Amino acid sequence: MNTPVAGPGTLAEQILRGVGGAENIESLTHCATRLRFQLHDGAKADTAGLDALAGVMATVPQSGDRLQIVIGGAVARVYSEIMNLPSMAGGGAPRPQSDADVKASMRAKSRGRYAWVDNFFEYLSDSFRPLMGVLLGSSLIIAIASVLDALGFVDFRAADKSATWVFVDAMWRSVLYFLPIMVAYNAAKKLKVDPWVGAAVMAAVMTPNFTGMLNPKSGIPGITCTTNGTLGTQDCVAHVFGLPMQLNDYGGQVFVPLLMVAVLALVYKGLQRIFPETVHLVFVPFFSMLIMIPITAFLIGPMGVWAGNGLGSGLSWMNGNAPIVFAIMIPLLYPFLVPLGLHWPLNALMLVNINTLGYDFIQGPMGAWNFACFGATAGVLLLSIRHREKEMRQTSVGALAAGLLGGISEPSLYGIHLRFKRIYPRMLVGCLVGGVIVGVLGGVDTKAFAFTSLLTIPVFSPMGTYGIAITASFFVSMALVYFSDFRTPEDRIQANAERDAAEAAARGEAAVTDERELVTVGAAATTSGASATTTAAPGSAAGAPAPVAPTAGKATELAAPVAGRVVGLDEVGDPVFASRALGEGVGIEPADGRVVAPVDGELIIVAATGHAFGIRTADGIEVLIHIGIDTVQMKGEGFDVRAEAGRQVSVGDLLVEVDLDAVRAAEHPTVTLMTVTNTADLTSVEPHTGQTVAAGAPVVTVRR
């Protein structure tokens, strides 16, 4: 049995317990928002307990005993705290291996028929992911400069800029120009090669000595340059050791270091096998550089440039010949690529475009996806404010801030969108709308690699087209999520019940006897092994129709589900109902065991034990009928269910026949309760108590 996650200790200690303890961790790394665990046994991780922790946005189990825990902006701090826990450094368990160690060993383990695909994308992702912070930093620097340019404070694109603005240029160009060295370092680390060797090989073809040969007026013998009549560019070839070597400016290239390190790994590990371990420090780096620098300059460098230019040209052709198709395809692909980490190849192409064409045409349509994502989060935020859901409000505020100001979508995706299946279809509509606008209006370009946030809008051109597209994407997604809700009806009932129970507890009113069972029924939860298993309606999945709001102030009468004497919830003898945690309503001391539908609507909840039913009306009123107190413990004995979830019912339709004598024999109260679980969303819920009624007589008046 797993150790409970919740309990005393810091978040780091609770997470460590949740993943099965230090002895279950094979490696631990982190990216911009996520802790990335490689576990010995993934089954030992308590994902439900981890999800419930304050500070954890979501858990994402993956194949091969891997587990990601989404933390958000505090991930670096939490990672550091976990790694500094005593149990991670000492005791019987060795300190976890580095990520490179584990991933290298994982390549030897088959993860299925297409394990090489997983390895390929992991290689790409791990080569770029650690650079997210500096890429974001440089994008914000150029965004600020672009704002000043747009406001007329400086001509940011002028050839005769002052020394101040030349220096500002250097601040953001440093990341993009030296990106190949950074990528080479990360890629080498990923493949268990000395990362400094990878960086040194790439740096060799970026030194002033090498780039100086690109200048035909440098006076260096053995260099010939020709002009490309089609492109108007100059191609230079140097004769080194009597062999022709194509010269390129490798600043900003990403395919070259990725290809180079893949070959370097083979050379480096081969040299490790040749030389004794005692001389590895000297001879392995020496011969690696001696071999790889010429191979990179003569062969891999030109190949990488050709490959990058070819891919960029192919997408450029599509953008030029089928701009609408291209503009729609990009934002519709990203929502599926980002959660899997498969978006890095496209990000690499953006950098290639900037380096070769001087601009990029992918980021504009991509902005439609990002702002559709942020709009969906904004819709969730508005609903969480409306429904007084504190936890979801805090999550969505943080995710929205990270998105709008930083252009980072992971907090929204992992913290919210992937948890609620209704969001994605609505978000995709926003992506589609934004993509169509970009395509119809002729596309959007940018001369910088920019995280698509509010701060980077000025770097896109035409800025008006981009602004219209992302605004439409944002508000379409937000409206669709807000007006149709991101929760299913069953989720909403559960959220309302949990919220009201929490508020009641805060007021000291929730000393309950069986609150768990009541909330479970009210939520139509279907977890295996629960004391009250329920069957959800077939039509209550992601595509369920949204409730249609009636005219304000319109009254709906709820009928008595059973004949008998009507009493207030304070008199039913159960603190949960008395606290109104499950909404306002009435109790009825039954005269017989025939329980009928109190209102027209869809039967969305039918407890397998027959003791509870949920009905949603056409105008969105959610009604819970609960027969007896603690009757879930009877496990259906004495309950003859006559209705099934998913059907439409009318007032008076028979739901269940109850053997009241059996209920009394089991020593449970027979009072039948009827509450409006979404009372907080309504203008008023007025119970009419102190009368004896027949089944079907009005006992509650509801006003929207």
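User: What is the order of the strands in the open sheet of three strands, and is the pairing parallel or antiparallel?

Analyst: This is a predicted model, and in it the open sheet runs in the order β14-β20-β18, with its strands paired in the antiparallel sense. The edge strands, each of which pairs on one side only, are β14 (594-596) and β18 (639-641). From one strand to the next, the twist averages 20°.

User: How many bridges join β14 and β20, and which residue is the bridge partner of V595?

Analyst: Three bridges join β14 to strand β20, which covers residues 654-658, and V595 has V656 in β20 as its bridge partner.

User: How should I read the packing of two helices, and at what angle do α8 and α9 pack?

Analyst: Two packed helices are described by the angle between their axes and by the distance between those axes. Here helix α8 (residues 163-177) packs against helix α9 (residues 179-190) at an angle of about 45°, and their axes are 5 Å apart. Because of that angle, α8 counts as oblique to α9.

User: Which residues of α8 and α9 meet, and how many of them are nonpolar, polar or charged?

Analyst: From α8, the residues S174, V175, L176 and Y177 meet L179, P180 and M182 of α9. The residues of this contact divide into six nonpolar, one polar and no charged.

User: What span is expected for helix α19, and which of its residues are buried?

Analyst: Helix α19 (residues 423-440) has 18 residues, and the distance from its first C-alpha to its last is 26 Å, close to the 26 Å expected at 1.5 Å a residue. Its buried residues include I423, Y424, R426, M427 and G430. Just after α19, G442 takes a positive phi of about 100°.

User: Where is P462, and is the peptide bond that joins S461 and P462 cis or trans?

Analyst: P462 lies in the loop between β9 (460-461) and α20 (463-484), and the bond joining S461 and P462 is a cis peptide bond, with omega of about -5°.

User: Which phi does E667 have, and is E667 buried or exposed?

Analyst: E667 is not a glycine, yet its phi is positive, at about 65°, and its place is in the loop between α24 (660-665) and β21 (672-676). E667 counts as exposed because its relative accessibility is 71%, and the cut-off for exposed is over 50%. D630, which is also not a glycine, has a positive phi of about 60°, and D630 is found in the loop between β17 (622-627) and β18.

Conventions:
Residues numbered from 1 in each chain as written. Predicted model: local features only at pLDDT ≥ 70, side-chain atom pairs only at ≥ 80, totals over all residues. Heavy atoms only, no water. Pairing = 2+ DSSP bridges. Helix = DSSP H or I, 4+ residues; strand = E, 2+ residues; numbered from the N terminus. Axes fitted to C-alpha atoms, helices over the stretch in contact; angles between N-to-C directions. Parallel < 35°, antiparallel > 145°, perpendicular 65-115°, else oblique. Contact = heavy atoms within 4.5 Å. Nonpolar A, V, L, I, M, F, W, Y, C, P; charged D, E, K, R; others polar. Expected span 1.5 Å × (residues − 1). Buried < 20%, exposed > 50% of the residue type's maximum accessible area, 1.4 Å probe, protein only.
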